[in-house]
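The report below describes a two-chain model for a reader who wants the criteria stated next to the values. Please keep the structure open while reading.

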Amino acid sequence: MAEPLVRMENIRKSYGRVQALVDANFHVNEREIVGLLGDNGAGKSTLIKVLSGAVPLTSGDIFIRGKKVDFRSTSDAIAHGIETIYQDSALVTQLSIARNLFLGREPIKPPRFLNRMDQEAMNVVARDLLKQVGISKNIPPTTPIGSLSGGERQAVAIARAMHFDSDLIILDEPTNNLGVAETQGVLSFVRSARDSGHSCIFIAHNIHHVFQVVDRIVVMRRGKVVADDIDPKNTSVAEVERIITGMSDKEIRDAIVQGKQSQG
Amino acid sequence: MENSSIIQRSIARPEFGPFVLLVVELAVFWGFNHDFLSPQNISNILAFTVELGLIALAMTLLMTSGEFDLSVGSLFGFSPVLMWTLFNSGLTSLEAGFVVALLVAAFIGLVNGWFVTQLKIPSFLVTLGMLLVVRGTALFVTSGFPQRTWSAEGSWLAEALVGDFFIGPFRIYMSLFWFIAAAIALGYVLTQSRTGNWIQAAGGNPNAARARGVNVSGVKIGLFILSSIMASLAGVISSLRTSAANPNSGTGYELEVIAMVVIGGTALTGGRGTIIGTVLGILILRVMRNGIVLIGVPGLAYNIFIGAIILGMMALHSWLERRHQAGT
């Protein structure tokens with residue numbers, strides 16, 4: 001089988017004595033949407049933070065197309081084509097769509113010493129991108145982000161990741177607080193991102209949203225990946241829910257014993 | 001249709017409120033006393049306006065990046081004291097003293113910025129502390145007495161900064177041109193340059209800016225340095241123009257400058273700033289100070305009017321902001 005786009009091996013992350021990730025193994029293939037599920041505290045966010053360079057790992061390896069990488073900051077991850085979109089922190093509400101799209105990589109008009117942004121070029125690209133991700137309304141690229149809806153903001157963030165050729169777009173709870181129509185919009189942006197050659201990790205509490213869009217589901221529990229090859233087409237929501245929360249009686253007893261031992 | 005949308009758009013701009021206020025103010029004062037728009041009075045207003053104005057311009061960029069600087073008033077007093085002390089003691093020429101004063105100011109700005117960005121202490125506390133350090137130093141060095149300043153005659157520095165000439169009946173100081181140049185340059189930086197985009201992003205959503213590789217700390221430190229240098233320059237200009245270097249001068253200017261900036265429509269919380277608005281804010285407050293004296297209101301009542309203007313403009317800006325956010 002071909003080398004996956006991203007492979008994380010035996011990832012450990014501890015915060016003091018708390019083990020957030022315990023030998024987690026995870027991968028994303030090219031042109032694939034992976035749904036990452038797990039209960040609160042299962043380690044999803046930590047895994048994503050490690051992959052996006054926001055927190056350093058304690059031990060383990062990350063490979064991109066088979067090459068080992070070492071992320072020290074989010075800029076490192078972005079440089080390697082990994083873009084993370086957090087629902088509220090991705091965009092600057094006071095700036096326009098075009099200025100947000102190019103934030104940090106603004107094109108400069110010659111002569112360069114004047115440091116002048118090429119706003120025309122930014123607007124042209126922005127208009128094009130908005131069309132690409134399928135924002136149906138005719139929104140001018142000079143509109144401030146603050147006057148867009150939650151779904152439109154997600155679309156702008158996804159469009160930005162697509163434009164700058166991120167290989168992997170990580171979406172953290174992109175459908176939180178969105179209405180039904182907006183959620184469908186975001187799901188279609190995610191599909192169009194995959195269709196144009198990008199991979200995505202999709203994290204959401206709402207399993208139904210995950211089922212509608214992903215190619216494969218990965219479930220985490222207590223810092224480990226406990227299932228990584230669930231096909232949403234052949235698996236029921238109830239079954240996945242059982243894997244997420246589902247500890248058998250024996251597992252619960254084991255956990256209690258283990259807890260007592262580690263305290264002793 | 002096209003016309004009405006242009007009108008609607010200008011009303012929605014943050015500069016619209018301050019502009020109307022300034023026009024009303026001018027009309028009212030002129031109505032009470034026609035001397036208000038006499039060449040001599042206009043010359044008077046302009047002379048002092050640009051000195052506080054230079055500080056307000058830099059403060060606009062700093063506040064857009066989400067920080068502010070309370071130490072500017074103390075630097076306004078300290079820098080000329082330092083320059084004249086160096087000159088009077090024979091250590092340096094006046095020009096070299098000026099350069100030293102600017103370098104010391106830049107260092108003070110650097111320290112402010114370092115405390116705020118690296119130690120994560122709110123700029124309110126850092127610059128309040130710096131205000132006391134700088135003002136205290138000025139008072140200590142001078143034992144509280146004004147410095148001798150009468151020997152600036154003929155110095156090219158004095159000519160370049162505060163040399164005056166007449167255009168028709170108007171007496172214009174060179175400092176006016178420095179102010180106009182600074183307003184154009186900083187307005188350009190804020191609205192046209194890549195740096196301006198970073199300044200707004202640093203104030204609007206620093207985490208998002210950082211995630212995009214913007215050096216938020218660098219931007220803020222640079223603006224703290226700019227703010228200190230402009231305060232220092234303004235202090236020197238004022239000292240040369242009035243032939244005085246009093247360690248107490250500039251007391252309370254920090255709040256007046258911040259008031260000018262927020263009246264003009266720059267958000268105290270960062271992310272949004274306007275140089276045109278600040279220029280209007282500067283004029284509103286200076287015209288008010290001049291006008292109420294001219295129409296016979298006791299000067300001591302000045303703060304009542306300023307306070308009322310600040311409250312009124314804040315209410316207007318917040319209303320416009322909510323309309324704007326709602327997308328109407």
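## Contact between the chains

The contact between chain A and chain B takes 20 residues from chain A and 21 residues from chain B, where two residues count as in contact if their C-beta atoms, placed from the backbone, lie within 7 Å. On the side of chain A that touches chain B, helix H2 (74-79) and strand S8 (116-117) of chain A each supply at least two residues, and H2(A) gives the largest share, three residues. Helices (H or I, at least four residues) and strands (E, at least two) are DSSP runs, numbered from the N terminus. Sorted by class, that side of chain A has eight nonpolar, nine polar and three charged residues; here Ala, Val, Leu, Ile, Met, Phe, Trp, Tyr, Cys and Pro count as nonpolar, Asp, Glu, Lys and Arg as charged, and the others, Gly among them, as polar.

The model is predicted: local features need pLDDT of at least 70 and side-chain atom pairs count only at pLDDT 80 or more, while totals for chains, interfaces and linings use all residues. Residues are numbered from 1 along each chain as its sequence is written, and chains are lettered from A and ligands numbered from 1 in the order in which they are written.

## Strands of chain A

An open sheet of four strands in chain A has the order S2-S1-S4-S5, with antiparallel pairing, and two strands are taken to pair if DSSP finds at least two bridges between them. Its edge strands, each pairing on one side only, are S2 (18-28) and S5 (67-69) of chain A. From one strand to the next the twist averages 30°.

Strand S3 (residues 33-38) of chain A is mostly covered, with six of its six residues buried; a residue is buried if 20 or more other C-beta atoms lie within 10 Å of its own, exposed if 12 or fewer, and partly exposed in between, with C-beta atoms placed from the backbone. On one side of S3(A) the buried residues are A:Ile33, A:Gly35 and A:Leu37, and on the other A:Val34, A:Leu36 and A:Gly38.

Not counting residues up to four places away in sequence, A:Ile201 touches several residues, including A:Val34 and A:Leu36.

Chain B has 14 helices and two strands. Buried residues make up 48% of its 328 residues, and the C-alpha trace of chain B spans about 65 × 55 × 35 Å along its principal axes. In chain B, B:Ala183, B:Leu186, B:Gly187 and B:Leu190 in H8(B) meet B:Ile275, B:Ile276 and B:Val279 in H13(B), a contact with six nonpolar, one polar and no charged residues.

Definitions and conventions. Axes are lines fitted to C-alpha atoms, for helices over the stretch in contact, and angles run from 0 to 180 degrees between N-to-C directions.
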